[in-house]
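Let's take a friendly walk through this structure together. Have the sequence and the 3D view ready.

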Amino acid sequence: MYRALKTRLGAGSGAGGEQRPGWRPPADLIPVAAVLLAFMAGAGLIALAGVSPLRAYANLLLGAFGSRNAIAETLVKTTPLLLAGLGTAVAFRGRIVNIGAEGQILMGAVGATYVGLYMGQLTPVAGILLAITTGFVLGALWVGIAAALKLRFGASELITTLMLNYIAIELVGFLIAGPWKDPKAFNPFTALIAPAVRLPVLMSGTRLHAGIILALLATAVLSYVLRHTVYGFQLGVVGANPKAASYSGIHNSRVILGTMLLSGGLAGLAGVSELAGLHYRLLGGLSAGYGYTAIAIALLGRGKPFGVLAAAFLFAALTVGGDGMQQSSAVPVQVVMIIEGLLLLFVLGSEVFRARRKLADSKREGA
Amino acid sequence: MDWSRVMTLTFLVNVLAASFRQATPLILAAIGETFAERAGVFNLGLEGIMLLGGLVGFAAANAADNLWAGVAAAALAGALLGLMYAFFTVTLRADQIVAGFAMLIISSGGAIYFNRLLFPSRGGAQPQISPFAVVPVPLLHDIPFVGPVLFNHTLLTYLTLACVLLCGVVLYRTRFGLRVSAVGEYPKAADSAGVSVFFIRYACVVIGAAFAAVGGAYLSLVDLGFYVDTMVGGRGFIALALVVFGQWNPYAVLLGGLLFGAVEAIQQRFQILGSTIPAQFMIMLPYLLTIVMLLVGRKRRAPSALTVPYARE
């Protein structure tokens with residue numbers, strides 16, 4: 001116990017025990033070092049572009065937080081990343097690899113578009129609620145295909161959800177070029193949705209819309225559900241040990257099905273929010289890879305709703321700041337993508353490293 | 001659509017020949033992944049590794065003015081990525097889904113980033129290279145029907161087909177291949193029998209990533225003659241499904257790849273012939289087929305130690 005406390009405080013604090021020569025960084029600093037390492041590697045890549053990394057990073061910070069509008073944009077980006085990240089994270093908790101958030105986002109947007117185009121004669125509150133419900137249901141149904149194939153045929157949801165992404169992209173492409181195409185426009189997109197179905201703007205002069213409230217609400221509700229309900233407990237058991245779960249009377253397949261539907265529904269909400277809060281019409285690039293970034297966010301957030309919130313905010317800041325950096329210092333924005341991947345890889349590596357060191361420490365203590 | 005133009009022998013020959021061309025990158029990636037998975041390591045990053053291979057292959061071929069230099073550079077880049085992935089999954093024993101996904105982002109982000117740096121698009125067209133030419137096999141390509149289908153391809157396609165045979169021999173008939181299976185099925189036993197689980201897994205992951213990168217290079221060096229960010233289009237993920245469909249057997253993987261190639265070839269021809277089916281639904285076909293394949297190909301179980309890291313007690 002004392003040994004554990006000492007490790008926590010760092011090797012330098014407190015005498016006693018077997019003091020080993022040389023300073024060892026405290027275990028909890030290892031993930032911090034991992035984050036720093038990712039940004040240092042990013043600095044190296046930026047230097048390759050012939051730009052001073054310090055200046056580029058300064059521009060990145062300015063781009064993400066430098067003005068009222070920049071902060072609003074960061075929150076605008078946080079919204080879909082958070083919703084889709086929550087969806088992916090809840091699946092991960094049950095050891096379900098739903099990496100089809102991209103397709104589920106699109107299907108959610110399709111649902112909201114349908115309400116906005118064909119059911120516009122509603123009062124604003126009813127219109128928005130109906131769009132949210134429809135989007136949630138369509139996102140859930142889309143992953144429901146993968147869920148059914150998993151439970152009925154044992155098909156790996158990893159592949160099926162991925163393939164459903166490509167199918168959803170083509171489906172949207174068909175809708176916006178065919179039956180739902182705006183007759184007055186040349187480009188493939190739908191007409192604008194009815195005003196009653198649009199999410200209100202929160203900050204005048206910016207694009208910040210009420211989607212962020214929806215996303216934060218979803219975070220809080222999901223956090224409560226996972227920690228304080230029977231379902232949350234069952235999901236935890238199924239994720240930790242499916243065999244033990246079925247011995248203790250939990251219906252594994254029922255929990256898995258429910259979790260996958262919830263997961264897809266949350267991602268669908270991201271699509272609703274993008275459509276009803278930002279674009280007001282269905283178009284091809286509606287989800288700019290948010291569904292894939294959401295996977296990294298869910299992993300980095302360790303599957304915990306508030307962890308996902310923090311990760312989504314960080315990635316949103318990186319994305320918005322990266323755009324600013326591209327404009328002011330001519331560094332291609334994709335460097336952010338590499339940094340995100342390295343962040344994930346190094347944090348993962350550091351956790352393995354830390355867990356192993358703790359194990360070694362406890363073994364030494366036992367000896 | 002004019003069905004009389006479809007119901008001809010020429011159409012069939014064209015489709016079958018095109019199947020081989022379309023299948024080559026898929027088969028390359030899937031054969032490599034077969035090695036990695038038989039040794040117990042799953043690589044979700046294939047899609048990104050293919051894209052980076054495509055860029056490196058194109059850039060090197062462009063710089064050296066030699067297509068084979070491009071293939072070699074792509075293989076090397078893939079091997080390095082594989083080494084990195086093996087370090088995290090084999091040495092650090094990190095979760096393969098997470099690490100694989102990180103590899104996916106890093107390598108696809110890397111490809112897009114370095115493409116912007118190497119070939120800034122401001123003003124002027126992107127460079128283009130003259131892709132690999134078709135080399136008909138002397139005599140054999142004159143055989144009716146079989147000739148144009150089998151013996152009228154680029155060298156990379158012949159090499160890929162030869163690789164499938166070679167991989168089959170290596171996996172089933174050599175000591176190395178048997179060790180790979182042992183490591184993927186029961187690493188503990190393999191370890192006590194003196195097989196280095198560490199070495200076998202590193203080797204297979206590196207082989208797998210190098211193959212995938214060459215598959216990506218095929219797209220830029222044969223298919224297109226240039227590089228675009230979207231050229232892989234899910235082929236890396238489809239390759240993962242192919243390995244399951246082929247039940248970790250290289251010959252079955254080859255057949256699955258050809259089936260895919262055929263669907264892709266038919267899809268493209270129907271679009272050109274002006275089919276009344278909307279193009280989007282035709283483009284969906286390979287992805288739908290992937291899902292169907294997963295449902296069919298579940299007779300043999302996966303290697304027991306797939307995605308399970310190995311640690312000595």
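In chain B, 51% of the 313 residues are buried, meaning that 20 or more other C-beta atoms, placed from the backbone, lie within 10 Å of the residue's own. This is a predicted model, in which local features need pLDDT of at least 70 and side-chain atom pairs count only at pLDDT 80 or more, while totals for chains, interfaces and linings use all residues. Residues are numbered from 1 along each chain as its sequence is written, and chains are lettered from A and ligands numbered from 1 in the order in which they are written.

Chain B contains 12 helices and 2 strands; these are DSSP runs (helices: H or I, at least four residues; strands: E, at least two), numbered from the N terminus. The C-alpha trace of chain B spans about 65 × 50 × 40 Å along its principal axes.

Now look at one pair of helices.

| Feature of the α11(B) and α12(B) pair | Value |
|---|---|
| Packing angle | about 165° |
| Distance between axes | 9 Å |

Axes are lines fitted to C-alpha atoms, for helices over the stretch in contact, and angles run from 0 to 180 degrees between N-to-C directions. Helices α11(B) and α12(B) are therefore roughly antiparallel to each other, a label for angles over 145 degrees.

Finally, how many residues does each chain bring to the contact? Chain B gives 35 residues and chain A gives 37 residues, where two residues are in contact if their C-beta atoms, placed from the backbone, lie within 7 Å. On the chain B side, α4(B) gives the most, with 13 residues.

Definitions and conventions
Angles under 35 degrees count as roughly parallel, over 145 as roughly antiparallel, 65 to 115 as roughly perpendicular and the rest as oblique. A residue is buried if 20 or more other C-beta atoms lie within 10 Å of its own, exposed if 12 or fewer, and partly exposed in between; C-beta atoms are placed from the backbone.
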